[in-house]
Amino acid sequence: MAEGDGLTMNNLLSEVQGALDKFKLEDEGGPNDYYSPYANLEKAAVLQEARCFHDPTAVRESPRKCCTVIAQLLHLTNTGQYMNSAEATEVFFGVTKLFMSDDASLRRMVYLFIKDVAETCNPDDVIIVTSSLTKDMTCDVDLYRANALRVLARIVDAAMLGAIERYVKQAVVDSSGQVSSAALVSATHLFERNEESAAIVKRWISETTEATTSPNEMVQFHAMQLLYQIKKHDRLGMQKLVTQFSQRNTLRSPLALVLLVRYTAKLLTDEVAEGRQSGSFQNGTNFSRAGYAFLEASLRHKSEMVVYEAAKSICALPNIEPQELSPAVNVLQLFLSSPKPAVRFAAIKTVSQVAVNHPRIVSKCNEDLEALIADANRSIATLAITTLLKTGSENSVDRLLKQISVFLSEIPDEYKVTIVKSIQRLCLTYPAKHRVLVGFLSNFLREEGGFEFKRSIVNSIVSLMKQVPETTEGSLLHLCEFIEDCEFTMLSTQILHLLGELGPGTSAPARYIRFIYNRVILENSAVRAAAVGALSKFAARCPSLRSSILTLLKRSLDDEDDETRDRASVAVSVLKEAMEEFPYLAPAEDADPDEEPVPDVPQAGDPAAFVLLQGLPMSFDRLDRSIRAYVKTPAAMDSPEQLTLSTLPIVEEYEEPDSAVDEGDDIGADAALAAAVSGKEKEKKEVVDPAAAVYAIPELAALGRVFRSSPPTALSEEEAEYVVTCVKHVLPEHIILQFPIQNTLEDQRLVNCTVTVEGDSECFEVAGEVAAESIKYGETVNAFTVISRIPDAPLAPCNFECVLNFGVIQVDPKSGEDESDPFEEEYPLEELEIATSDFMAKVSVPDFRSSWEMVGNANEVLEKFALQFKKQEDAVAAVIDFLGMQPCDGTGHIKPGEGGKKPHMLHLSGVFVGGTNVLARAQVAAQGDASGVLLKIAVRSDDPDVSRMVADCIR
């Protein structure tokens with residue numbers, strides 16, 4: 001028995017010891033051993049604890065317990081355990097009783113709780129605490145006054161703000177910095193809440209201005225913020241404010257001075273943007289001179305914060321002259337050697353931005369920049385290298401690359417990508433160094449690195465091939481060596497596609513065959529299929545290689561992958577047919593070396609060139625949209641007409657193709673190549689057919705298929721009683737005007753709404769109208785007007801006067817029931833223009849150059865115009881708008897920093913109503929005397945009348 005008792009006791013002790021070990025928190029435990037005191041809170045238990053708020057004795061004797069309960073309530077609400085309306089009301093009333101306590105910590109928790117729940121509680125309940133907060137706002141304790149102001153700013157509306165306005169104005173100029181700052185910050189929040197509160201806050205401008213003289217630095221800072229909020233839409237008022245403070249020199253707060261510097265820089269930027277300032281700031285308007293003088297004087301301030309902000313602002317001023325930039329660069333050069341990493345980083349970042357447009361000015365900092373390459377902060381070192389690559393001379397390229405090669409092996413891939421893009425820009429600056437720079441990039445293709453780093457190098461090399469053609473053959477060999485040991489399938493397939501596009505056009509295309517065929521033997525199915533496709537293109541473009549490539553392709557006929565096998569089968573079949581019809585005749589061995597050799601290109605009608613090289617006349621996206629539009633056309637599926645690419649509806653491209661490239665990732669003019677190399681896919685947005693509204697009405701659908709639909713044109717103001725827009729649906733023989741009409745009057749219902757269209761036109765006449773039967777408040781309903789084209793009359797631009805005719809029925813806004821009989825009204829609208837560009841669909845061509853040559857100059861129209869535009873960029877945008885055509889080859893935009901420096905060549909394509917393809921080449925050149933822009937344009941199509949009409953669109 002005793003032995004049994006001993007065993008039982010031992011078991012009990014061991015269990016107790018195990019429980020202690022399980023729940024024991026080791027002092028030396030890591031962060032994972034920390035347990036939050038609020039981890040397992042239950043809402044019901046906390047609400048039960050909150051009843052202590054109603055006990056005056058507990059509130060006076062246990063303020064710490066009340067603080068803990070409030071903290072638990074805040075934890076619940078911030079972790080998604082919300083209280084229902086009854087619980088929130090009970091707790092809120094309990095919290096209001098805590099104002100009887102004089103404990104400072106408890107009072108601050110009460111303020112925090114009211115601020116946190118003010119937006120979720122019943123507004124009527126929140127108003128109850130206003131009297132207590134107002135009392136605290138007028139007491140003698142600064143802590144209470146400041147916090148009460150902050151809470152009141154959260155809960156008061158415009159009407160209540162007017163009642164406590166006197167107290168807030170007194171607090172703005174209070175001698176206590178804590179109270180004054182709280183009042184100013186609260187005023188800033190109130191100003192942003194609604195227009196009524198903003199109107200009240202605007203009356204406090206004299207008190208706010210007085211607060212800028214406070215000895216407290218934070219008060220000055222907040223006062224400057226509020227003054228800007230009040231005056232930011234008043235240009236003259238802001239100029240007066242900035243001038244006064246910059247000349248009086250009354251601001252002692254570095255933060256307030258930083259704001260003043262920013263406001264000055266913004267006003268100077270606006271002066272340039274609005275055309276009031278041009279040329280040097282020191283010789284500009286009175287404000288420009290004073291503003292720049294203040295920024296330059298701020299470079300000598302004792303605070304590093306102010307000095308840097310002034311230097312950064314000067315560097316960011318638009319069109320600044322080099323001599324005006326020098327003082328800021330000198331200051332930034334001193335900051336480059338600062339012992340503080342944050343200062344060095346800020347300085348090098350700004351210097352790097354300046355180097356884009358002013359590399360010569362920044363070049364004097366090169367010694368300091370080279371010292372930063374070894375900086376312990378990798379961000380600073382990366383910026384130093386990229387800046388040196390922008391400012392370095394051609395002679396320093398080799399030395400820079402030697403320093404970079406050591407550095408690149410020690411930094412993460414995201415920094416490497418930035419440096420690769422900088423090397424690409426350097427190669428464009430010094431094309432003679434392309435061999436060295438491309439070789440440097442290709443070396444790192446064979447080093448360790450992630451996918452993004454390797455892809456950035458491939459993108460850069462491809463971009464250089466497009467912009468510096470001398471690099472093509474050497475770059476292709478480097479890429480061939482890379483795919484020999486490439487672990488990324490996507491990069492391998494993209495490079496193989498690139499080889500198929502560019503390899504056959506080099507001086508010795510046979511040298512790439514070995515690299516491509518190795519991929520057929522050694523790689524996975526996706527890469528094998530890409531390699532077969534590349535080999536097929538080589539065979540199609542180079543008849544001399546067909547027999548040898550055919551032998552290689554036959555080995556893939558038994559490939560286990562379906563796509564690889566199918567590609568090989570098609571290529572073998574087509575190549576055999578082409579070799580039978582057009583056998584290749586090798587030049588004789590005893591041929592005269594002085595004779596010009598027969599070009600190694602496929603002959604006209606070669607089936608291999610047609611099948612393997614000829615692309616679709618439209619992209620797959622456009623093909624998909626066109627087929628969808630065809631299916632939605634009434635009676636299209638019942639038509640006996642054969643479905644071909646030429647019979648599909650025209651679909652427009654409202655966005656520039658992917659060939660519109662940005663800085664650093666410029667692939668060039670080949671959109672398909674750019675998409676293949678970049679590997680980036682845009683998110684597809686579902687395109688809604690604007691003609692669906694026309695097809696929904698049988699009478700309009702009977703007129704035929706819509707050729708194109710224009711973007712909506714506003715015919716009334718957005719704030720008008722009746723908001724009307726117009727969409728022009730162009731058909732071969734008609735124009736259907738769709739008028740979406742919105743009723744914005746709550747007490748009216750519109751009936752029988754039509755838009756009357758009148759105009760003096762020799763080519764159009766109004767044929768009929770379709771009324772909108774009823775438009776309730778807030779609804780948008782369509783009305784239609786049909787305009788017919790007069791047969792044999794040439795198209796010409798014309799304007800139509802539009803009037804909205806409708807009946808009005810008064811309705812009860814609450815019930816929506818009619819209260820009167822309809823009475824007729826009319827509402828004048830803006831004029832509607834039907835221009836020649838409305839008949840032009842924006843459709844791009846795969847290869848503009850070959851399409852231009854194929855059309856020929858038989859129906860070409862040449863014109864020359866002087867356009868009244870100050871900027872070359874504006875003229876390019878206007879020409880595109882006038883013609884209504886689609887920019888091709890990335891010519892729709894001028895690259896940043898190149899505007900006005902040289903003539904810009906614009907390539908445009910489109911389809912005119914009736915299916916006539918139109919191409920245009922325009923040269924836009926800024927005239928040296930700043931008198932405008934000179935435009936030279938050539939338009940080609942198969943119809944001379946269409947070419948003339950398109951050229952006459954320029955006005």
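## Ground rules

Two strands count as paired if DSSP finds at least two bridges between them; strands (E, at least two residues) and helices (H or I, at least four) are DSSP runs, numbered from the N terminus. This is a predicted model, so local features need pLDDT of at least 70 and side-chain atom pairs count only at pLDDT 80 or more, while totals for chains, interfaces and linings use all residues. Residues are numbered from 1 along each chain as its sequence is written, and side-chain values use heavy atoms, with hydrogens and water left out.

## The overall picture

The protein has 41 helices and 17 strands. Of its 955 residues, 47% are buried, meaning under 20% relative accessible area (1.4 Å probe, protein chains only). Take the contacts (heavy atoms within 4.5 Å) with a separation of 6 or more: 65% of them link residues 24 or more positions apart.

## Strand S17 and its partners

S17 covers residues 933-941, and seven of its nine residues are buried. Strand S16 (residues 916-926) runs antiparallel to S17, with nine bridges, and strand S13 (residues 861-867) is also antiparallel to S17, with seven.

Val-933 turns up in both pairings: it stands opposite Leu-867 and is the bridge partner of Ala-926.

## Helix H25

Helix H25 (residues 413-429) spans 25 Å from first C-alpha to last, close to the 24 Å expected for its 17 residues, where the expected span is 1.5 Å times one less than the number of residues.

Its buried residues include Val-417, Val-420, Ile-423 and Cys-427. In an α-helix there are 3.6 residues a turn, so residues three or four places apart point the same way. The buried residues of H25 pack against helices H23 (378-391), H24 (397-408), H26 (434-445) and H27 (451-467).

Methods:
Buried < 20%, exposed > 50% of the residue type's maximum accessible area, 1.4 Å probe, protein only.
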